[in-house]
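User: I'd like to learn how to read a model like this one, feature by feature. Can you walk me through it?

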Amino acid sequence: MDLFRFFRSMYDVGCQFVKKEDSVDSKVTNQETSTSFEKDSIIVRFDHKDVLILDRKKDPSLVFSENEVDPKCYDVTTGLPETVLEYLLETRLGNDDDSEGNSRVDTLVDDFLLTFPLFMNEEELCSILKRYYRGTVRIQHAFPSNEKKSPQDIGRKRKQRLVRFILRWNKLSYHIFYENEHVKQLLKGLVCDLEKDNLPDELSLLEQVLDQTCNHSRFSNGYDDLMSSALLENKDSSDANHSDKSRVSLDDELMTRLNDCYPIKACDNVIFQVYRSDHTYSKFRCRRDSTVRHIIKQCCEKWRIDDECILCELKSNGEKQVFKYDDIGIVSRVSVNGRLFVIPKEELDCLVPLPEQDGPENEIHSSLTELSAKELAYHLTIYENQLFRSVSVYEFLYHVFGVRNFPGKVTTNLDLFLNRLDEIQFWVATELALASHISKRVQLMKKFIKIAAHCKDFKNWNTFFAIILGLNNSAVSRMNHTWERLPTKFRKMFDDFSGILNPSRNHRVYRLSMGSLDPPIIPFLPLFIKDMTFAHEGSETLTNDQLVNFTKMRLVASTLRLIQFCRSNPLTVDPPTISKGLREVYKYVRQLQVIDNQERLDQLALDTDFKPSSPTKSQTL
Amino acid sequence: MASVAGRYQFKIVLLGEGCVGKTSLVLRYCQDKFNDKHLTTLQASYLTKKLNIDGKRVGLSIWDTAGQERFHALGPIYYRDSNGAILVYDITDEDSFQKVKNWVKELRKILGDDICLCIVGNKIDLERDRHVDGAEAEAYAKSVGAKHLLASAKLNKGVDELFLELAKAMVTAQDASASNGQSSGRRGASSRKRGVEIVDEQPAGQPKKGCC
């Protein structure tokens, strides 16, 4: 895909679709199915109702012939979900096409696979696919073929196309293949059918997918336990014995696992702490997709409370967020230093944050000063990459279209990735606000700018943005004395970097600089979320006739395709020379100690930047 | 940003919690095709609008933070150098009004009085589920020197009005500052940070700004 062109097209205000008037030129008619062909569109009707509308592509390179209609000259505009799927299976998965090369011109199948959760669930999709394998395809009547083929041959081709569809799906989102029971059942069923139907090539391809799926499920749990303990450790560093076991295995597997990622599934367990208003807490183990109601019930049973309780997050600045009883997947949504409380409703007003939520109080003697900027950037990038690759494309959909609209779905991996942005931003501000001496602050500023520069070299835009945002944090931007002492070279670098953050003309600078890069790229995700939010709010998902607005789906999918493009190659960054133990760095970047209370940061910055530097100030003035 | 021969160019930022309808408001205003019969697709999330106010030509560039609400750190890069801010809450959601108050506090702290504020209660089509007291919102807006308006992006009510009101306020503010001989280009955190010389100009003013 030509990224540069894509980004340029982001400035164009999109196209408009106008439904065609009924046409008299009806070429194909049988009892219930009719198709009208027009110069610019094809309308398929079942029982006198529109079920599929195709518009001619506006690509001049495609030759249009009146006599023979080539489906590839048309894009799906609207249609019933099932009809769109059948149409794509019939026309877009032909065996003479090199599926890779073809997808570059025609992304309809990908667009469907990337966005289907918006108009059907996995169960529905799988049952249509199963039915398609067996035969009965209504759309066939709408586009009868002139070629003479035996029914066996047609059936064979159909089955091969279906397998190609599944393989494509697996390539776009392998996550769903080990997460969803319906998909697993479909795979198993198809493997049996293919064996019976004597299609050995297709059979072995699907068997491979099935094997990977099973392997993934096995590994995923192990990794999640590691993640959980690491996260928990982060929240409660005094609890040392819990992580002893994992630390040993961590060390052994670290080197080989630096590039691996094992996404967290809805059915995985998470261990987390829940507090009461007196600041005592208990640990609980729940599935990621547990409801708030379930968590409250567990707490009340353990604490023997009969009152009606609520679950809320208390942020370090005292802000409270009460979760709804039906919410799921809330554990990963808690802010950096936020804590979960289960309390009787009337205690909500008197809830106060724990002292530890303040974050570090004094200067942190941290690896930050001992490690080289490149080494830190490398490990930040490794971690960011793991987080990014763990996010399923569908999590973006759930997030943008509202996770509450997708029963049983969680966005755990995306939550962790997005939280990381806050964490790094606050990390930069915290380190600077706590550094009491001005020369230390100048050193740190230089260090952070260097880290940002390396992240940019690694094409890790997310961490790059986070660090520059941290340096733009109001606490840091008011450190006038420190900024004054920063060498011009670094000042200039910082100004250049801030220029990349400039949102003018829809983040033009960033989009252009990113558009010229080859994958792997770790993009600045909030921008993609913004693009999808606009696509979502700008038009309806369903038309008044309950047809899917596939034009909208393609727009949403264009962003998702870009995300997939960014991670289409594995991360290959040469590790820098190691100055300290690998495990220490690995741990350090995953357990940043931060202050996430903006008021506290502002106050600290004010105190440090003005008091100790007053002699310097009088000298310079 | 300055007015050249009767032409005004303003930057407006939309702030508020997610799901209060910011994007719908701005799409309605710039496209006016919201929920129409025809399906529209929109790719540009940066929007502009030209207005004529009493013979003065006004250009608005509207910056929406769509879907980025949870990234508070991004706020400053959006509102920096803004002439106006539209702070949207959902009249059925009390929390969203609280978020507006937080934004007002932050904007006043960082940008001072250089920015014109317009607080908007959206979704008045859901009046019967109202949870934010209208009089209270009105009084609050007055207390912080902001306009308060009600709108419904869905019914296309009050949308044009709110942008027009804000545009008028910005024209008035710019005319006033021009006649006072102040440079309209200097404001807030960005200029404070941009150069050492500004710090030197007003060293005593700096610490105070952080406390208000």
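User: How many helices and strands does chain B have?

Analyst: Helices (H or I, at least four residues) and strands (E, at least two) are DSSP runs, numbered from the N terminus. Chain B comes out with eight helices and seven strands, while chain A has 26 helices and 12 strands. Keep in mind that this is a predicted model, where local features need pLDDT of at least 70, side-chain atom pairs count only at pLDDT 80 or more, and totals for chains, interfaces and linings use all residues. Side-chain values use heavy atoms, with hydrogens and water left out, residues are numbered from 1 along each chain as its sequence is written, and chains are lettered from A and ligands numbered from 1 in the order in which they are written.

User: What share of each chain counts as buried?

Analyst: Buried means under 20% relative accessible area, exposed over 50%, and partly exposed in between (1.4 Å probe, protein chains only). By that cut-off, 58% of the 621 residues of chain A are buried, and for chain B the figure is 50% of 212 residues. At the other end of the scale, A:K297 counts as exposed because its relative accessibility is 54%.

User: And what should I look for in a nonpolar core?

Analyst: In soluble globular proteins, nonpolar side chains tend to be buried together. A nonpolar core here is a set of buried Ala, Val, Leu, Ile, Met, Phe, Trp, Tyr and Cys residues joined through side-chain atoms within 4.5 Å. The largest one has 177 residues, and A:F112, A:W427, A:I451 and A:L471 have the most contacts inside it. Helix α15 of chain A (residues 412-434) gives the most to this core, with 13 residues. Domain 1 and domain 3 of chain A each supply at least three residues. A second, separate core has 33 residues, including B:Y8 and B:V171.

User: Where do the domains of chain A lie, and how do domains 2 and 3 meet?

Analyst: Domain bounds come from an automatic or database domain assignment. Domain 1 covers 1-21 + 38-58 + 66-96 + 104-215, domain 2 covers 269-357, and domain 3 covers 373-507 + 570-602. Taking contact as heavy atoms within 4.5 Å, 16 residues of domain 2 of chain A touch 15 residues of domain 3. Their C-alpha centres lie 28 Å apart. Buried area is the accessible area (1.4 Å probe) that two parts lose on being put together, summed over both; for this pair of domains it is about 1200 Å², 47% of it on carbon and sulfur atoms.

User: How do I read a sheet?

Analyst: Strands of a sheet pair through backbone hydrogen bonds, either parallel or antiparallel. Two strands pair if DSSP finds at least two bridges between them. In chain A, five strands form an open sheet in the order β8-β7-β11-β9-β10, with mixed pairing. β8 (281-287) and β10 (320-322) of chain A stand at the edges with a single partner strand each, so one side of each has no neighbour in the sheet. β7 (residues 269-275) and β11 (residues 339-344) of chain A run parallel, joined by two bridges. A:Y275 has A:F341 in β11(A) as its bridge partner.

User: Which helix packs on that sheet?

Analyst: Helix α11 of chain A (residues 292-303) does, touching β7, β8, β9 (309-314) and β11 of chain A. A:K297 lies in this helix.

User: What about β3 of chain A: which strand is it joined to?

Analyst: Five bridges join β3(A) to β4 of chain A (residues 41-46), and the two run antiparallel. A:S36 has A:I43 in β4(A) as its bridge partner. Both faces of β3(A) are covered, with A:T33, A:T35 and A:F37 buried on one side and A:S34 and A:S36 on the other.

Conventions:
Axes fitted to C-alpha atoms, helices over the stretch in contact; angles between N-to-C directions.
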